Amino acid sequence: MTRKSSHRLIPTYFVKFKCIGGKCEDTCCAGWQIDIDKKTFKKYKNETNPNIKDTLHQNIKRNRSNTVNDFNYGQFKLDENNCCTMLTNDGLCSIQKDLGEQSLCRTCTIYPREISEVNGIIEKSLLLSCPEAARIVLNRPEGIDFIEDEGTELISPTLIYHQTEEENTIFWKIRIFMIDTLQNRQHSLETRLLILSMFLQKYINLEKKTYTQVDDLIKHYINFLNNSNLGEAFANMPKNFTNQITLVSSVLNTSLTAEYNQFTKIVKSSLHLNNDDFYEIAENTVNHAFDTYYMPFIEKYEFILENFLVNAVYTHLKTCENRDLLGNFTTICVDFSILRLLIIGFAKANHRITIEDAIYCIQKYTKSLSHNASYKKEIANILQKDSSSVLSQITMIIFIGN
């Protein structure tokens with residue numbers, strides 16, 4: 001079959017990734033459910049290789065959820081340590097060992113790469129749940145930039161998004177504005193996020209969303225961003241530690257892999273979240289650690305969290321539809337708030353914070369919880385669900401410290 005050339009949007013970091021194999025401190029095969037695409041699942045069911053067929057047949061299962069599709073048709077069973085049952089004692093994949101790399105399912109073939117199609121354009125990104133991918137994406141002082149090219153894709157996109165021509169034009173305008181705003185280092189990340197939440201509040205309330213209206217709205221907020229005193233204007237915004245610490249408590253009380261549980265135990269202890277009156281104690285602890293460790297670090301290395309946010313907006317925002325923009329942006333802000341407190345707690349425990357420490361916290365959180373549907377549902381229940389209050393929600397979970 002002849003494959004046609006596609007227009008592609010690719011972050012410059014993408015081509016720098018290469019799996020480091022046995023040198024990696026983590027494994028792709030533990031900590032989450034591994035989906036098997038329909039074509040590969042049926043191939044596994046019909047496997048006749050005597051070295052692996054029985055083990056393979058016993059350790060795959062159909063996905064019976066109501067969200068099943070051709071990409072998550074089946075799943076590998078997990079053992080008591082939450083590891084894939086096809087993993088050998090020496091940490092290798094038995095499928096790849098006995099059947100070859102070409103027999104891996106789609107998930108195992110492309111991870112940690114992610115491929116989608118947005119209005120005819122192929123978009124690629126890296127998932128930060130992979131330690132090497134996290135290092136490549138986050139440790140970029142110059143920030144994240146993108147290239148456009150033409151190329152032939154051998155792997156079809158996981159998700160495909162279609163919009164009208166005007167919707168597509170509006171979508172690109174909005175996403176470019178959001179990424180440009182997140183990369184505007186004239187202001188703190190908290191201020192950048194608040195500006196975006198104000199913009200989205202106005203956008204979702206537009207009765208009729210035309211290109212002209214959206215363009216005028218963006219120009220208004222670009223002018224707003226050019227105000228050098230913007231940070232001072234937000235200095236007295238309300239800070240709600242209760243909700244922020246509640247979010248972190250949900251993260252820390254979710255038991256997953258042994259490594260993740262050890263990580264959360266450290267943070268939980270350092271923030272005094274084991275006490276009955278932990279809110280008051282934790283608030284004082286966070287304030288002290290924020291001033292002592294986090295701020296001196298972030299003044300030099302804020303680009304790490306900036307890159308996290310830019311990658312999240314690029315990866316998750318694919319349409320200009322209200323629910324997509326609002327839901328995904330709120331989730332991104334929740335992730336930012338949680339990660340900031342995890343980094344603060346980790347810094348407090350170690351009496352210092354390094355680039356490697358910050359990336360470690362982001363990778364561990366992303367792998368363990370960022371794609372966990374039940375956890376995301378729990379977080380959604382903590383927050384208000386009224387779209388008219390997006391600004392108050394974002395403010396509530398973003399601002400911290402003095």
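Reader: What is the strand order of the open sheet of five strands?

Author: This is a predicted model, with local features needing pLDDT of at least 70, side-chain atom pairs counting only at pLDDT 80 or more, and totals for chains, interfaces and linings using all residues. Residues are numbered from 1 along each chain as its sequence is written, and side-chain values use heavy atoms, without hydrogens and water. Strands (E, at least two residues) and helices (H or I, at least four) are DSSP runs, numbered from the N terminus. Pairing is mixed, and the order is 7-1-6-5-8.

Reader: Which are the edge strands?

Author: Two strands pair if DSSP finds at least two bridges between them. An edge strand pairs on one side only. Here these are strand 7 (146-152) and strand 8 (159-161).

Reader: How many bridges join strand 1 to strand 7?

Author: Strand 1 covers residues 5-11 and runs antiparallel to strand 7. I10 stands opposite I147 in strand 7. The bridges number seven.

Reader: Is helix 6 roughly parallel or roughly antiparallel to helix 8?

Author: The axes (lines fitted to C-alpha atoms over the stretch in contact, with angles from 0 to 180 degrees between N-to-C directions) of helix 6 (residues 165-182) and helix 8 (residues 211-225) come within 10 Å. They cross at roughly 5 degrees. Angles under 35 degrees count as roughly parallel, over 145 as roughly antiparallel, 65 to 115 as roughly perpendicular and the rest as oblique. Therefore helix 6 is, relative to helix 8, roughly parallel.
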